[in-house]
Protein chains: 2
Amino acid sequence: MSPDEFRRMGHKVVDWLADYQQHPTRYPVLSRVKPGEVTDALPLHGPNQGEAMEAILHDFEKTIVPGLTHWNSPGFMAYFANTASGPGILGEMLAAGLNANGILWKTSPALTELEQVTLGWLRDWMGLPSSWFGMIHDTASISTLHAIAAARVRRVPEARLTGKWPTLRLYCSEQAHSSVEKGAMALGIGLDNVVKIATDDQFRMDPSALRAAVETDLAYGYAPFCIVATVGTTSTTSIDPVPQIAPIAREFNLWLHIDAAYAGSAAVSPKFHWLLNGAEHADSLVTNPHKWLFTPVDLSILYCRQPELLREAFSLVPEYLRSAQDPRALNYMEYGVALGRRFRALKLWFILRYYGREEISRMIEEHVRWAQELSEVIAREPGWEVCAPTPLSVVCFRKAVSDAENEAILNRVNAGGEIFLSHTVLHGKYVIRIAIGNMFTTRDHVFRAWELVSA
Amino acid sequence: MSPDEFRRMGHKVVDWLADYQQHPTRYPVLSRVKPGEVTDALPLHGPNQGEAMEAILHDFEKTIVPGLTHWNSPGFMAYFANTASGPGILGEMLAAGLNANGILWKTSPALTELEQVTLGWLRDWMGLPSSWFGMIHDTASISTLHAIAAARVRRVPEARLTGKWPTLRLYCSEQAHSSVEKGAMALGIGLDNVVKIATDDQFRMDPSALRAAVETDLAYGYAPFCIVATVGTTSTTSIDPVPQIAPIAREFNLWLHIDAAYAGSAAVSPKFHWLLNGAEHADSLVTNPHKWLFTPVDLSILYCRQPELLREAFSLVPEYLRSAQDPRALNYMEYGVALGRRFRALKLWFILRYYGREEISRMIEEHVRWAQELSEVIAREPGWEVCAPTPLSVVCFRKAVSDAENEAILNRVNAGGEIFLSHTVLHGKYVIRIAIGNMFTTRDHVFRAWELVSA
């Protein structure tokens, strides 16, 4: 494709996207296609001869777009809502066109350095210790896997060579995200050694139950090595009491990893600094700008107090990748599994600069305010119940009827195409969730969602 | 950012990229910045107030671009060269703007289905069995980690729960990529249990040495479980004899994973179908379109014969992600560590359609032809030696002088800014590599590189 054709097609694509942004309700939020429908509409084999870009874009609009669930719609309030903000998209466009790959510092110095600088800015805004090291991964699951691997290598340095260790035990609350179990499973720790700690009536880890579990395991001869505390759980956004958990981690010499994948972004606002109270004593923390920081997927950040432990867990540095080891020329590949590294920092740098800390804080505070306002409205509504506190931007609620009826309500609302909500299960009951996090969602959208649900 | 502002800025960015493509030699290929130079040019703290996008783009051009190594330059012939082709960039632009996330089938059906369809097209072009399952990861390292995890779960199904297994042993050649060791290390197999098999005089795994190693391990009571054969090694693009290795895998019931991260793309051409001879007997294979298929980083594909083993290794499916389990509504998150899933298939679909199989084959065949032609020229040049066969698009050679002098030659060429080459070590000697893989590289660029080196 010649530069001229790229220019022409690029303008077309930008116009299409601007138009898409201008008409966010043109498509149902939740795709209505049936399983296999997109597949059946596509040829079974790829073409031998090339095709015109116009024809391809035409098929994209005709076949692909109706098969999309529109995460960028203001009516998207499922899971954790997020936004592909304008500056974020522009950052991705440049990253794709430049095609920089940060395998080593020298394979694109600005990629590595901008990642460190931008993650430093965000770290400081979040109130984390200024000495912490930051590194981008694709998802929180991969970030957490790296944290647990570093925890293992601290406890059993020879494990990387031998593949042998005592029965290592990891602790997280019963509300922790499944990525903790997945990481432990992948690393070979074993699901049986992920100890789920009970939570209190607000879905927060019970520190005394944690202490008891660690002491019991020690009595059995197990080797406790890691605690994962969650700041903003996936179901209810509950916040584990890190100030009470951190001393237990210290007492038993356990790695403390904080899963702030969703809520970490809120700590950018001084009003929500308290969220990370105690996190300064942690060993690592994950936060996902692609959750609540208006960043197109994917961008997850792993912060780590002692990056040398990540390096110990993952560095090999074969000869053909050897490079001069200037301390300011960091080779990220030594700190994780992946070798290739996309220029993801660019979009985050654009976003932090374009909006600035105050506007980001204002938007996030607004999301929390609307959620809390809605939570109060639902609590006052006869026949409905709020099923968890609303410390952040997610409201968990249900109608005081059967699970099947609540599920039917959710399905009906989602089928309408205006709003997309998801659900969870709390105390064995089916619960509807409204998750606010898209910057195009207004207070009206939030209350429209409630209007649809309650009707 | 309003849709109008996005449109205006998007056009600016497209124009900048088209201009960048039009003047590929405007910047030195290898960045000339010193370690810390980009960092020092950036503020220590992020801004409180937002800034204008024009100002940010201005800083991007002034501060970031000089700090980039230009992977998209036709003079980039280091590592494995690749291209951000026009259709690939357009695909990334749309993926960023749509912000689809394929956590579950329903969170964007077209994302999941297009991934399966496109990976099916490529699988068929490569001549792999049509029943194989394909899945995109960010890098080959992560793909290979997943393959090894599936191999483990096949050998020791209870490992995912217990974290206990006999001493598992994995085999790869001494020329295998470091990602094999990294994957084994991360998964808890242990570096000591990665057995490096000797290679022949053409850097290919010696099947009789492989058999001997497996038999010795069995005699010691170890548990062999996996072989990684490489089709296109990183140093020399040597090709392990898969037709001889596959029967050994079958005899000892070992998982056979093929690392075709680089060379897999060449199998798209019928002339290079032979590369994957024997791969039909493998259990899994990794190939990276972001290496030689003109695809912007990142896009690595893991093909797997028995996806149910990936699922066994990684699926948890907690309640809040439960969804109706129609067999045509695949939830990729059950087949790997990551939950979030970017719409990477879009760019690959665009590329396969825009160029078509014949043009892709033609470009790759041309790269190989130039490399082989150059190899013959160097072999005839007094005082120079070709250090490995040239089956594909990489030439390994050195001047018959000291390592230090060869390194000095390489550094001088790279400092010139016109060409960027990398090196490796073969038989303990420093070797220069010329890797052809960028679609904008012409025969003239290749011979210009040799002219600069030989001068």
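**Reading a predicted two-chain model**

Me: Through what surface do the copies meet?
Reply: Compare the interface residues of the two chains. Here 100% of the interface residues of chain A are also interface residues in chain B, so the copies meet through the same surface. Keep in mind that this is a predicted model.

Me: What rotation superposes chain A on chain B?
Reply: Look at the angle and at the shift along the axis. Chain A is superposed on chain B by a rotation of 180 degrees, with 0.0 Å of shift along the axis and an RMSD of 0.0 Å. That is the relation of a two-fold axis.

Me: Which residue of chain A comes closest to the rotation axis?
Reply: A:Leu187 does, with its C-alpha at 2.1 Å.

Me: How many residues of chain A are in contact with chain B?
Reply: The size of an interface is often given as the accessible area lost when the parts come together. Here we count residues instead. On chain A, 121 residues touch 122 residues of chain B. Helix α1 (residues 3-22) of chain A gives the largest share of chain A's side, 15 residues. By class, that side of chain A holds 60 nonpolar, 38 polar and 23 charged residues.

Me: At what angle do helix α4 of chain A and helix α1 of chain B pack?
Reply: Read the angle together with the axis distance. Helix α4 (residues 86-98) of chain A packs on helix α1 (residues 3-22) of chain B at about 10 degrees, and their axes are 10 Å apart. Angles under 35 degrees count as roughly parallel. α4(A) and α1(B) are therefore roughly parallel to each other.

Me: Which residues of α4(A) and α1(B) meet?
Reply: α4(A) brings A:Gly86, A:Leu90, A:Met93, A:Leu94 and A:Gly97. From α1(B) come B:Glu5, B:Phe6, B:Met9, B:Gly10, B:Val13, B:Leu17 and B:Tyr20. The contact of α4(A) with α1(B) has eight nonpolar residues, three polar and one charged.

Me: Now a pair inside chain A. How far apart are the axes of α5 and α13 of chain A?
Reply: They are 9 Å apart, where helix α5 (residues 109-125) of chain A packs on helix α13 (residues 345-380) of chain A at about 40 degrees. That makes α5(A) oblique to α13(A). The crossing of α5(A) over α13(A) is left-handed. Among the residues that meet are A:Trp121 and A:Trp125 in α5(A), and A:Trp349 and A:Arg357 in α13(A). The contact of α5(A) with α13(A) counts ten nonpolar residues, one polar and two charged.

Me: In what order do the strands of the open sheet in chain A lie?
Reply: The seven strands run β2-β8-β7-β6-β5-β3-β4 in chain A, with mixed pairing. β2 (133-137) and β4 (194-197) of chain A stand at the edges with a single partner strand each, so one side of each has no neighbour in the sheet. With direction ignored, neighbouring strands of this sheet are turned by 20 degrees against each other on average.

Me: Are strands β5 and β6 of chain A parallel or antiparallel?
Reply: Parallel. Five bridges join β5 (residues 223-230) to β6 (residues 255-259) in chain A. A:Thr230 has A:Asp259 in β6(A) as its bridge partner.

Me: Where is the peptide bond from A:Val297 to A:Asp298: cis or trans?
Reply: Check omega. The bond is cis, with omega near 5 degrees. A:Asp298 sits in the loop between α11 (289-292) and β8 (300-304) of chain A. In chain B, a cis peptide bond joins B:Val297 and B:Asp298, with omega about 5 degrees.

Definitions and conventions. Residues are numbered from 1 along each chain as its sequence is written. Chains are lettered from A and ligands numbered from 1 in the order in which they are written. This is a predicted model: local features need pLDDT of at least 70, side-chain atom pairs count only at pLDDT 80 or more; totals for chains, interfaces and linings use all residues. Copies are superposed by least squares on the C-alpha atoms of residues with pLDDT of at least 70 in both. Two residues are in contact if their C-beta atoms, placed from the backbone, lie within 7 Å. Helices (H or I, at least four residues) and strands (E, at least two) are DSSP runs, numbered from the N terminus. Ala, Val, Leu, Ile, Met, Phe, Trp, Tyr, Cys and Pro count as nonpolar, Asp, Glu, Lys and Arg as charged, and the others, Gly among them, as polar. Axes are lines fitted to C-alpha atoms, for helices over the stretch in contact, and angles run from 0 to 180 degrees between N-to-C directions. Angles under 35 degrees count as roughly parallel, over 145 as roughly antiparallel, 65 to 115 as roughly perpendicular and the rest as oblique. A crossing is left-handed if the near helix is turned anticlockwise from the far one by less than a right angle, and right-handed if clockwise. Two strands pair if DSSP finds at least two bridges between them.
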